[in-house]
Amino acid sequence: MSLLRVSHVTHGYAASSLFRKAKRSIVLSDISLSIEPGQCLGLLGASGAGKSTLGKVILGLERPQKGQILFQGVDLYASNAYDRKKLRRDLQVVFQDCYSSVNPKMNAEQIIGEPLMNYEKLSAQAQTRRVEELLEIVGLHPDDRKKYPHQFSGGQLQRINIARAIALKPKMIVLDEAVSSLDMVTQSAILKLLLDLKANFGLSYLFISHDIKAAYHISDALAVMDHGELVVHSENKEQFIGLQHLSVQKLVQSMLPEHPRFRSGV
Ligand SMILES: Nc1ncnc2c1ncn2[C@@H]1O[C@H](COP(=O)(O)OP(=O)(O)OP(=O)(O)O)[C@@H](O)[C@H]1O
């Protein structure tokens, strides 16, 4: 059974108008895809293609007008609040903006400890131990738990966000442009961390990105959205770069100068 199955999802946002009944512009059009346990699907596409909206629909944050999201076989939007809370534990998110993703008045221990408080109700001592362990897993020092967001670099703060996302040992993380605002060196360090976590904990990712290089590096399967439609979905990234679809060709061309290995693929 797929971990995540998106079936025929269609969605639009209401465009408010004073004079007419609110119309909805279609942002997602009949989207179907699936993610297997331990798989990373890279979701590519130009700005405005609908990638983040699909991420929100999958996370249960934006109810689609049509279609179904099955996570571990459970219909996300047909489940009750109790089941949804259980599902949320297994389905986490890391956003692009590491600074606005955290409360600046909370220290790292409070940030990482928040999901633990909500779900695990550990003793204060056990929670601190778990936070220290999580800090080490993401490559930070246990003593960093006392620091506040402004005392971390962007890359370090994204590690804090990742520690929070893995605190409850989820099955899947939606990474919405999670490395896009980082410099190249930090980006590759965070991609390595994400790959290590995937290998060690059997995590699945939906890696939303406009950057083919980052997506190719981390993903097993790749898909492309264009104007609300899923125009390409390839289970195999090696096959993906050889596809003749125009959107794929454009993406592959954009990485040619730096990646000679792709020259033979086109
Ligand atoms: N809350 C909202 N209300 C109305 N329209 C929205 C809302 N969120 C997104 N949109 C519109 O939906 C379309 C798809 O946006 P979305 O953010 O999903 O695309 P994207 O592919 O993630 O783009 P980007 O890479 O720039 O984030 C865009 O035209 C956007 O303006």
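Hi everyone, two housekeeping points before we start. Residues are numbered from 1 along each chain as its sequence is written. The model is predicted, so local features need pLDDT of at least 70 and side-chain atom pairs count only at pLDDT 80 or more, while totals for chains, interfaces and linings use all residues.

Let's begin with the sheet. Six strands make an open, mixed sheet in the order β6-β7-β8-β3-β9-β10. Strands here are DSSP runs of E with at least two residues, helices are runs of H or I with at least four, and both are numbered from the N terminus. Two strands pair if DSSP finds at least two bridges between them. At the edges stand β6 (91-95) and β10 (229-234), each with a single partner strand, so one side of each has no neighbour in the sheet. From one strand to the next, the twist averages 15 degrees.

Now, what does β3 pair with? Strand β3 is joined by 4 bridges to β8 (residues 204-208), running parallel, and by 4 bridges to β9, also parallel. On the β8 side, L41 has L206 as its bridge partner; on the β9 side, G42 stands opposite L222. The β9 (residues 221-226) and β10 pair is antiparallel, over 5 bridges, and there A223 is partnered by H233.

Is β3 buried or exposed? In β3 (residues 40-44), 5 of the 5 residues are buried, where buried means 20 or more other C-beta atoms within 10 Å of the residue's own, with C-beta atoms placed from the backbone. In a regular strand, side chains alternate between the two faces of the sheet. Both faces of β3 are covered, with C40, G42 and L44 on one side and L41 and L43 on the other.

Over to the ligand. Around the ligand we find Y13, V27, G45, S47, G48, A49, G50, K51, S52, T53 and H210, each with its C-beta atom, placed from the backbone, within 6 Å. Which helix gives the most to this shell? That is α1 (residues 51-59), with 3 residues.

Helix α1 has 7 of its 9 residues buried, so the rest of the structure largely encloses it. The buried ones are K51, T53, L54, G55, V57, I58 and L59.

How values were computed
Axes fitted to C-alpha atoms, helices over the stretch in contact; angles between N-to-C directions. Buried ≥ 20, exposed ≤ 12 C-beta atoms within 10 Å, placed from the backbone.
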